[in-house]
Amino acid sequence: MKKVVLAAIFAGCGILANAGEVSMEALTKKQQKIAAASAYAARCDQVGLKKALAEGLDAGVTVNEFKEVLVQVYAYCGFPRSLNALTTFQQLLEEREAAGISDVEGPLPGPMPEGKSLDFGTANQTKLIGVEVKGGLYDFAPAIDEYLKGHLFGDIFARDNLDWQTREVATIAMLAAVPGLEPQLKGHIGIGKHNGLTDAQVAAILAIVQTQVKGMEQVSDFPLGEENTGYAQYFIGKSYLAPLTKDKRLNVPVANVTFEPGCRNNWHKHTGGQLLIAVGGVGYYQERGKAAQRLLPGDVVEIPPDVDHWHGAAPDRWFAHLAVTCNPQTNKTTWLEAVSDEEYQAATCEK
């Protein structure tokens, strides 16, 4: 049974934050590939998308099922991403046909329900969610309420060659793949479960996005380098090291350090201090006895000599910083204890 171990699947320390062992077999092969393709499309990763689409076709996803998924991308992630994804899919089908591969087209959607899309879309939305949706934001902006009910839940969700549970598999994967959509993701996790998805299936969808789709991200313009095996004993999780300077006469060693999600180094200190310059992703820096500092590209951290500290990535985001060694001829690093899970969670949970 294929399992992955995740310390934190999702940011915010609230949604499946400690998933533990997640079994991919909670989803069928078709569902796994639909989730992966949806997430790659949402992230505009055409290389990953093409691979996921090909694997999905081989696993039994029909051409028209994938068309439905990639059209639906526009409702949650925008027309440009949907159009790019459909172009990639079209090119893949042409290549497979030229190679003599005959893919199953699958059924087209049946006739739309009679009446206005706003009416049957409202009914679909209520059935999907379990309660009538009204008030709040929808009173503030009635147009978005009409578009959601009439177009998304009417014109799109009424197309019956893709069932609602599968549409929610795709939607959860899309929303999990794009930063900043946590409220919508949480809502659609609830909708998916109302329509038959289990906790194990939701965890598997999120794990696919986290471990397969996001994967090893090139988070900055600086090289990733090699896995930092020489210092692995001082890190929780994987990091990568790319030395950037070669001329020792300059006495300014600079390296790009990249952390996978959840990775952090041990508490440590430098006799000569250190400079950190955040260049990609989201990370954290903390000095002993002080609150952690969230780091975004462009942030600079001046670490005084002999101050206990640690730094690393956010739970769900890759992070890269330049590490500048100060006073290199005499600077020595002392490695201390590991940053515990409790310390890390307290530092990275946004209040």
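A charge sits over a ring if NZ of Lys or CZ of Arg is within 6 Å of the ring centre and within 35 degrees of the ring normal. In this predicted model, the charged end of Arg288 meets that description, sitting over the ring of Trp267 at 4.3 Å from its centre.

## The protein as a whole

The protein has 351 residues, and 48% of them count as buried. Its secondary structure consists of eleven helices and 15 strands. Along the principal axes, the C-alpha atoms fill a box of roughly 80 × 55 × 40 Å. The accessible surface comes to about 17300 Å², and carbon and sulfur atoms account for 54% of that area.

Contacts between residues at least 6 apart in sequence can be sorted by how far along the chain they reach. In this protein, 71% of them join residues at least 24 apart. As for charge, there are 32 positive and 41 negative charges, and the mean positions of the two groups are 3 Å apart.

## Aromatic rings

A search of the whole structure finds eleven aromatic pairs. One of them is formed by Phe235 and Phe259. The centres of these two rings are 6.0 Å apart and their planes stand at 35 degrees, so the pair is tilted. An angle under 30 degrees would have counted as stacked, and one over 60 as edge-to-face.

The two residues of this pair belong to distant parts of the chain, being 24 residues apart. Phe235 is in strand S4 (residues 235–236), while Phe259 is in strand S6 (residues 254–259). Phe235 has a relative accessibility of 12% and therefore counts as buried, because buried means under 20%. Phe259 is buried as well, with a relative accessible area of 0%.

Tyr231, Tyr234, Phe235, Phe259, Phe319 and Trp335 are linked into a cluster.

Phe319, a member of that cluster, lies in strand S14 (residues 319–325). Is Phe319 buried or exposed? At 0% relative accessibility, Phe319 counts as buried. Leaving aside residues up to four places away in sequence, Phe319 touches a list of residues that includes Val219, Val257, Phe259, Ala278, Val282, Leu295 and Ala313. The list also includes the glycines Gly280, Gly281, Gly283 and Gly312. Between Phe319 and Tyr284, which are 35 residues apart along the chain, the C-alpha separation is 8.9 Å.

## A buried serine

Ser38 is located in helix H1 (residues 29–42). With a relative accessible area of 0%, Ser38 is buried. When residues up to four places away in sequence are not counted, Ser38 touches Val69, Ala170, Ala173 and Met174.

## Residues in loops

Several residues described here are found in loops. Cys44 is in the loop between H1 and helix H2 (46–58), and Asn251 is in the loop between strand S5 (239–243) and S6. Most residues other than glycine have a negative phi. Cys44 has a positive phi, near 60 degrees, and Asn251 has a positive phi near 55 degrees.

Leu181 occupies the loop between helix H8 (164–177) and helix H9 (182–194). Where does Leu181 stand in relation to Tyr76, 105 residues apart from it in sequence? The C-alpha atoms of Leu181 and Tyr76 are 9.8 Å apart in space.

Ala232 belongs to the loop between strand S3 (226–227) and S4. Ala232 and Ile277 are 45 residues apart in sequence, and their C-alpha atoms are 21 Å apart.

Partly exposed covers the range between the buried limit of 20% and the exposed limit of 50%.

| Residue | Relative accessible area | Class |
|---|---|---|
| Cys44 | 35% | partly exposed |
| Leu181 | 22% | partly exposed |
| Ala232 | 41% | partly exposed |
| Asn251 | 35% | partly exposed |

Definitions and conventions. Residues numbered from 1 in each chain as written. Predicted model: local features only at pLDDT ≥ 70, side-chain atom pairs only at ≥ 80, totals over all residues. Heavy atoms only, no water. Helix = DSSP H or I, 4+ residues; strand = E, 2+ residues; numbered from the N terminus. Buried < 20%, exposed > 50% of the residue type's maximum accessible area, 1.4 Å probe, protein only. Contact = heavy atoms within 4.5 Å. Areas by Shrake-Rupley, 256 points an atom, 1.4 Å probe, with all protein chains shown as cover. Lys, Arg positive; Asp, Glu negative; His and termini not counted. Charge placed at Lys NZ, Arg CZ, Asp CG, Glu CD. Phe/Tyr/Trp six-rings, centres within 6.5 Å; stacked < 30°, edge-to-face > 60°.
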